[in-house]
Amino acid sequence: MTPNIKKSYIINALSALLIFAVIYALITLKIVSNYFGGIVILTCIMIIMATSLNIVAGFLGEMALGHAGFMAIGAYTGGMVAITLSDALPAMPELIVLLVACLAGGIVAGILGIAIGTPSLRLRGDYLGIVTIGFAEIIRIFFVNFAPTGGSQGLKGIPRLASLGYVYWIMIVVIVLIFTLGRSKFGRAIMSIREDEIAAEASGIPTTKFKVMAFTISSFFAGIGGALYATYQGYIDPNKFQFMFSIEMFVIVVLGGLGSVTGSILSAIVLTVLPELLRQFSEYRLLVYSLALVIMMIFRPQGIFGRYEFSLTNFLSNIKNRRKTKGADGGEA
């Protein structure tokens, strides 16, 4: 590991700790209300969903519009596992129950991702989007009519295990894994498929296999986000996972920049917090929200970051270099 990489890891780790410490202090000292803490938790969950969708929509370059279906699978699976473990093993620590629920939700969603991705990824563009929308609606309608999970009444009695600390650090782990995936050999391979699938296949990359793997990994992380959502809310309404929720997540990824993890993070924060800040102006909230999207698409169609990744290390280095340059110019004068 080079000194620069080690320095980058240290700076990013300290930044994550500092952000968490500030948020936790604000809530603990009652400077802000618990409502603020709830918004932070939902924002963290949306960051997980946006970055997971970015694997398919950004890295792979496919139009997948059924992400809410995988979140639903993760939510119901995680919720059922949490209920079962809490009833059968009441002495089990909450963190263990939460981690098992998240892992179970991710695995089941990943398995479904294989089942859906294998036939549907033979299609491209609008056709793939239509197929994934169809699968997501099938999943939602299934839970609406599936009595063991509460049917249209939803799943109730889920232990509320997802505290701010747990959700925040799970989000950090997911971001690190997805960012590392994008810089790995596999990540470079699926990005080459995005750029030119024929050339990638001619270079020896098994495009179908890699596309299904990317879809599966994306589904796995979406399942984790769903499990966190279920164990935070304590109740699952199947109508939450409608078509428009998938569109909302896709909009977050597009606005952040297709292929940019940091762009998805920033966009998820803005588009989750903004509606809450505008809640007191309920008559104009949707108008402002829609207008912001239109302006963004006109003046910055590639998204906030495009395919660029924001680097805190480079940002601090640039500031340091500018100060040195100004100091040298001042000395010469």
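Start by selecting Lys240 and Phe245: the lysine lies over the face of the Phe245 ring, 4.4 Å from the ring centre. Keep in mind as you look around that this is a predicted model.

Next, pick Arg160 and Tyr232. Here Arg160 lies over the face of Tyr232, and the distance to the ring centre is 5.4 Å.

Now for rings beside rings. Two things describe such a pair: how far apart the centres are and the angle between the planes. How many aromatic pairs are there in this model? The count comes to eleven.

Select Phe70 and Phe215 for one of them. Their arrangement is edge-to-face, with 5.5 Å from centre to centre and 80 degrees between the planes. Colour the helices and you'll see that this pair links distant parts of the chain: Phe70 belongs to helix H3 (residues 67-88) and Phe215 to helix H9 (residues 207-233), 145 residues apart.

Move along to Phe220 and Phe221. They also make an edge-to-face pair, 5.4 Å centre to centre with 70 degrees between the planes.

Last stop: select Phe20, Tyr24, Tyr168 and Trp169 together. Ring pairs link these four residues into a cluster.

Definitions and conventions. Residues are numbered from 1 along each chain as its sequence is written. This is a predicted model: local features need pLDDT of at least 70, side-chain atom pairs count only at pLDDT 80 or more; totals for chains, interfaces and linings use all residues. Side-chain values use heavy atoms; hydrogens and water are left out. Rings of Phe, Tyr and Trp (its six-membered ring) pair if their centres lie within 6.5 Å; planes under 30 degrees apart count as stacked, over 60 as edge-to-face and the rest as tilted. Helices (H or I, at least four residues) and strands (E, at least two) are DSSP runs, numbered from the N terminus. A charge sits over a ring if NZ of Lys or CZ of Arg is within 6 Å of the ring centre and within 35 degrees of the ring normal.
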